Amino acid sequence: RKPLIPYEEIGAEKLSELIDLFYAKVAVHPDLYPIFPDDLTETARRQKQFQTQYLGGPNLYTEEHGHPMMKARHMPFHITPVRAEAWLSCMADAMDEVGFEGNLREMYFKRLVLTANHMVNRNEEGS
Ligand code: HEM
């Protein structure tokens, strides 16, 4: 078997489905929607680019937007531990719906947990 590149295992179509489902959940999550734009089309487009390279695919995000610097790009937003949990719960639900399972899902999700926790930049008290 060839070495596993998660992006190749998942495929562009499934990844796109996952991200669309994810943002449909973000859009209605009480802890999340207030800090996101009303129209999530562009956010989803950028997240698809980012996840593509995060999973070992082509560097679509960097090619268009430069170095990801995700923590810095999130600084304007109040990312509390509660919001990180909310973000991850939307992602877990989206993964369930798209039918991700097994080792790939476990590894992908574990990595997102680390990244989400790294993104936390405020405590619950805010500002
Ligand atoms: C953008 C929130 C975690 C990747 C954003 C935006 C918000 C946000 C408010 C701006 C949306 C916009 O204006 O279009 C959060 C919260 C998180 C979180 C509350 C909870 C921990 C993550 C994680 C990743 C990620 C774990 C990657 C694995 C991105 C990307 C963008 C983004 C790629 C688009 C950046 C751009 O504008 O170029 N996020 N985020 N975020 N987030 Fe997060």
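Here are a few stops to select in turn, in a model that is predicted.

**Stop one: Leu-60.** Select Leu-60, which sits in helix 4, the run of residues 60–65. Is Leu-60 buried, exposed or something in between? It counts as partly exposed, because 17 C-beta neighbours fall inside 10 Å, and a buried residue would need 20 or more. Now show what Leu-60 touches: setting aside neighbours within four places in sequence, its contacts are Gln-49, Thr-52 and Gln-53.

**Stop two: Met-69.** Next, go to the loop between helix 4 and helix 5 (70–74), where you'll find Met-69. Check its backbone: phi is positive, about 40°, even though Met-69 is not a glycine. Met-69 counts as exposed, because it has 10 C-beta neighbours inside 10 Å.

**Stop three: helices 6 and 7.** Finally, select residues 81–98 for helix 6 and 102–119 for helix 7. The axes of helix 6 and helix 7 are 9 Å apart, and the packing angle is about 160°. That angle is over 145, so helix 6 runs roughly antiparallel to helix 7. The crossing of helix 6 and helix 7 is right-handed. To see the contact, show side chains on helix 6, including Trp-87, Leu-88 and Met-91, and on helix 7, among them Arg-105, Phe-109 and Asn-117. Which classes of residue make up the contact of helix 6 with helix 7? Count 11 nonpolar, 1 polar and 1 charged.

Methods:
Residues are numbered from 1 along each chain as its sequence is written. This is a predicted model: local features need pLDDT of at least 70, side-chain atom pairs count only at pLDDT 80 or more; totals for chains, interfaces and linings use all residues. Helices (H or I, at least four residues) and strands (E, at least two) are DSSP runs, numbered from the N terminus. A residue is buried if 20 or more other C-beta atoms lie within 10 Å of its own, exposed if 12 or fewer, and partly exposed in between; C-beta atoms are placed from the backbone. Two residues are in contact if their C-beta atoms, placed from the backbone, lie within 7 Å. Axes are lines fitted to C-alpha atoms, for helices over the stretch in contact, and angles run from 0 to 180 degrees between N-to-C directions. Angles under 35 degrees count as roughly parallel, over 145 as roughly antiparallel, 65 to 115 as roughly perpendicular and the rest as oblique. A crossing is left-handed if the near helix is turned anticlockwise from the far one by less than a right angle, and right-handed if clockwise. Ala, Val, Leu, Ile, Met, Phe, Trp, Tyr, Cys and Pro count as nonpolar, Asp, Glu, Lys and Arg as charged, and the others, Gly among them, as polar.
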